[in-house]
Amino acid sequence: MKPGNDTQISEFLLLGLSEEPELQPLIFDWQPLVFGLFLSMYLITVFGNLLIILAISSDSHLHTPMYFFLANLSFVDICFTSTTVPKMLLNIQTQSKVITYAGCITQMYFFIIFSGLDIYLLAVMAYDRFVAICHPLHYMVIMNPRLCGLLVLVSWIISVLHSFLQTSMVLQLSFCTEVEIPHFFCELNHMIQLACSDIFLNNMMIYFAAVLLGGVPLAGVLYSYSKIVSCIHRISSAQGKHKAFSTCASHLSVVSLFYCTALGVYLSSAAPQSSYTSAVASVMYTVVTPMLNPFIYSLRNRNIKRALMKFSGLEAIKRPVVLLLKNFP
């Protein structure tokens, strides 16, 4: 692409959920509903994940590797959705599409960090479930506090370094007069496509990162669950199989939801179709998935439900009620 006006731009325009003219009046008419919907989803995400963190922190019975990783995942989910949704809500409320150049770069930087952390933590949690089911007698020896902390620390280091590298390469690009981003946040690929300088190295880095930093954790998840399925298959009793499967059912549900929605984002962005489809897929990936994670873990996990009731004070109310019902003639 030949460079045009090579002056440094100061802002971009986020076109939101759709840039198609025929959909703009509909979005404008439904603006209060759209704002209320996304605000509700954001508050549910933050409140739900925060409850998970507080419940795990307050209950000593949940101070185990599995729940340590879950608390970290909940924290990352709060940060992940907070990088995009508040700015989108502000733009909807003010009917503005403007985001500054510095704001766009910052949003992209943190989005890459927390999306990467989601991927790595899910892979680490899969390894944790593999050790718990396939090597139960050595679980506490293998998954010791030092290893758990190291796994989380390495995940953070890789995510920060990857984001720093990608962002630094974007900062080297020149942007011309085209400043409209067909999305509701500053996504890396859309940013690169707006550049009027050579983007060959940027594209190569995206492909390299997708294979190495995305494919390797996915391969680890698939390998762990192949071993888990093999171990569960060798269990003779049906009750034993059910108990073993129940320990990883929540995580498997979260992994499936995360990777299916993430895959939908990249398939929709690669296919020759409207930006509306890509934006909807991104909403599933960045908003809906973090919102559903606390429900998946709390509804399918007795320990989490017990800790939540204890933290909220419902456990103290439940016991006398249960005793009263038992003694009621």
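Tutor: Buried means under 20% relative accessible area. Keep that cut-off in hand; this is a predicted model.

Student: Is Cys186 buried or exposed?

Tutor: Cys186 is buried, because its relative accessible area is 0%. Cys104 also counts as buried, with 0% relative accessibility.

Student: How many disulfides are there?

Tutor: A disulfide needs two cysteine sulfur atoms within 2.5 Å. By that rule there is 1 disulfide. Cys104 and Cys186 form the link, with an S to S distance of 1.8 Å. The angle about the S-S bond is -120°, and the link is left-handed.

Student: Which parts does the pair of Cys104 and Cys186 tie together?

Tutor: Cys104 sits in helix 5 (residues 101-134). Cys186 sits in the loop between strand 3 (180-181) and helix 8 (188-193), so the pair ties together parts 82 residues apart in sequence.

Student: What about Cys248?

Tutor: Cys248 counts as buried, because its relative accessibility is 2%. Cys134 counts as buried too, at 17%. Cys248 is in no disulfide: the nearest cysteine sulfur, that of Cys134, is 9.4 Å away.

Student: Now the helices. At what angle do helix 3 and helix 7 pack?

Tutor: Angles under 35 degrees count as roughly parallel. Helix 3 (residues 65-82) and helix 7 (residues 145-171) pack at about 25°, their axes 10 Å apart. The two are therefore roughly parallel to each other. Their crossing is right-handed.

Student: Which residues make the contact?

Tutor: Helix 3 supplies Pro65, Phe68, Phe69, Asn72 and Phe75. Helix 7 supplies Cys148, Gly149, Leu151, Val152 and Trp156. By type, the contact residues are 8 nonpolar, 2 polar and no charged.

Methods. Residues are numbered from 1 along each chain as its sequence is written. This is a predicted model: local features need pLDDT of at least 70, side-chain atom pairs count only at pLDDT 80 or more; totals for chains, interfaces and linings use all residues. Side-chain values use heavy atoms; hydrogens and water are left out. Helices (H or I, at least four residues) and strands (E, at least two) are DSSP runs, numbered from the N terminus. Buried means under 20% relative accessible area, exposed over 50%, partly exposed in between (1.4 Å probe, protein chains only). Axes are lines fitted to C-alpha atoms, for helices over the stretch in contact, and angles run from 0 to 180 degrees between N-to-C directions. Angles under 35 degrees count as roughly parallel, over 145 as roughly antiparallel, 65 to 115 as roughly perpendicular and the rest as oblique. A crossing is left-handed if the near helix is turned anticlockwise from the far one by less than a right angle, and right-handed if clockwise. Contact means heavy atoms within 4.5 Å. Ala, Val, Leu, Ile, Met, Phe, Trp, Tyr, Cys and Pro count as nonpolar, Asp, Glu, Lys and Arg as charged, and the others, Gly among them, as polar.
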